[in-house]
Amino acid sequence: MHRRLPGPHGSLFSRPRPTNRAHSLRPAMNVAKSGYRVFSANSTAACTELAKRITERLGVELGKSVVYQESNRETRVDVKESVRGQDIFIIQTIPRDVNTAIMELLVMAYALKTSCAKNIIGVIPYFPYSKQCKMRKRGSIVCKLLASMLAKAGLTHIITMDLHQKEIQGFFSFPVDNLRASPFLLQYIQEEIPDYRNAIIVAKSPSAAKRAQSYAERLRLGLAVMHGDAQCSESDMADGRHSPPCVRNTTGHPGLELPLMMAKEKPPITVVGDVGGRIAIIVDDIIDDVEDFVAAAEILKERGAYKIYIMATHGLLSAEAPRLIEESAIDEVVVTNTVPHEVQKLQCPKIKTVDVSMILAEAIRRIHNGESMAYLFRNITVDD
């Protein structure tokens with residue numbers, strides 16, 4: 001009769017138990033693989049304010065990096081910590097110097113890619129060149145070019161807000177989360193505008209009617225649409241296409257005679273809807289050159305509106321915008337902090353800011369944890 005000899009773990013055939021060292025190493029490896037870092041790709045202090053707000057809400061520290069311009073204006077990026085195998089979020093707010101900000105984002109993304117980052121997600125609240133998303137005569141679709149550059153630099157995902165045209169998402173070869181600022185602007189209307197029930201939502205042009213209609217339906221308010229233009233539009237400017245062709249001595253086909261197109265002529269500005277004795281709230285996605293908004297405010301004042309607000313997601317407010325707003329009939333301009341505009345606020349007290357760092361921080365957290373993004377789009381219509 002053979003007896004089973006006891007082994008070091010109680011039996012000859014029993015499996016050895018893992019040592020405490022193996023237990024202690026496994027969690028550490030998992031944490032390293034599933035970690036994430038948040039960096040700011042800006043070289044100016046004014047542009048890092050949004051990044052600091054987001055990291056405070058996430059409870060993490062801003063990644064250590066140095067982004068600066070050399071004497072010849074070349075962009076240099078130096079990442080000061082390891083990013084191997086981690087999800088990296090690059091927050092890039094776009095200041096007035098758009099092209100420098102784009103180069104900072106591209107150089108940092110490529111630096112993180114060559115440092116073996118697992119995923120590189122760009123958080124770009126205002127996507128630059130978004131207005132150049134259609135072919136204009138002999139121009140080019142610059143937005144498509146920028147999308148290709150970001151993919152080549154190493155970005156694998158983008159978080160942005162209120163793209164000028166939602167079709168821009170099709171320019172990218174990776175996922176794009178187009179968040180909405182409308183819940184924050186609607187909350188501002190309800191809480192900060194006295195007697196907002198007597199307001200009417202105004203679309204500055206027929207192209208903005210869908211956005212205005214979405215606001216009006218959720219606030220249970222009326223809708224007015226402005227139509228017409230006092231100046232000739234860009235598409236009506238002469239570009240040489242109607243000039244006579246050069247005379248050539250050819251014996252080929254003379255060509256086809258196409259029917260003449262009637263010239264487009266815009267009527268004077270008119271308002272479809274009753275704004276008399278009401279608060280007029282103009283909604284749009286971008287407010288940059290404010291001449292159109294100032295002209296719209298004057299028309300609304302003539303039609304009887306006693307207060308005029310402008311609600312927009314991205315407050316670029318270039319050139320003389322603060323002075324023109326201060327001298328106009330506009331009572332208040334409300335924009336989010338997707339674009340830094342502290343200098344403009346000092347020049348014009350009518351400019352107010354709504355903080356959207358909460359939804360950007362929540363988007364970062366959900367993407368890193370692999371959670372659904374549908375919660376961020378609840379009660380959001382396609383027309384927003």
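1. Four bridges join strand 8 (residues 199-203) to strand 11 (residues 279-287), and the two run parallel. Ile201 has Ile281 as its bridge partner in strand 11. Strands are DSSP runs of E with at least two residues, helices are H or I runs of at least four, and both are numbered from the N terminus.

2. A word on the basis: this is a predicted model, where local features need pLDDT of at least 70, side-chain atom pairs count only at pLDDT 80 or more, and totals for chains, interfaces and linings use all residues. Residues are numbered from 1 along each chain as its sequence is written, and side-chain values use heavy atoms, with hydrogens and water left out.

3. An open sheet of seven strands has mixed pairing and the order 10-9-8-11-12-13-14; pairing takes at least two DSSP bridges between two strands. Strand 10 (270-272) and strand 14 (351-354) are the edges, each pairing on one side only.

4. Helix 5 packs on this sheet, touching strand 11, strand 12 (307-315), strand 13 (332-336) and strand 14; contact means heavy atoms within 4.5 Å. The direction of helix 5 makes about 155° with that of strand 12. Helix 6 lies across strand 8, strand 9 (222-227) and strand 11, at about 165° to strand 8. Angles run from 0 to 180 degrees between N-to-C directions, with axes fitted to C-alpha atoms, for helices over the stretch in contact.

5. Elsewhere, the axes of helix 3 (residues 98-114) and helix 4 (residues 142-153) come within 8 Å and cross at roughly 25°. That makes helix 3 roughly parallel to helix 4 (angles under 35 degrees).

Definitions and conventions: Parallel < 35°, antiparallel > 145°, perpendicular 65-115°, else oblique.
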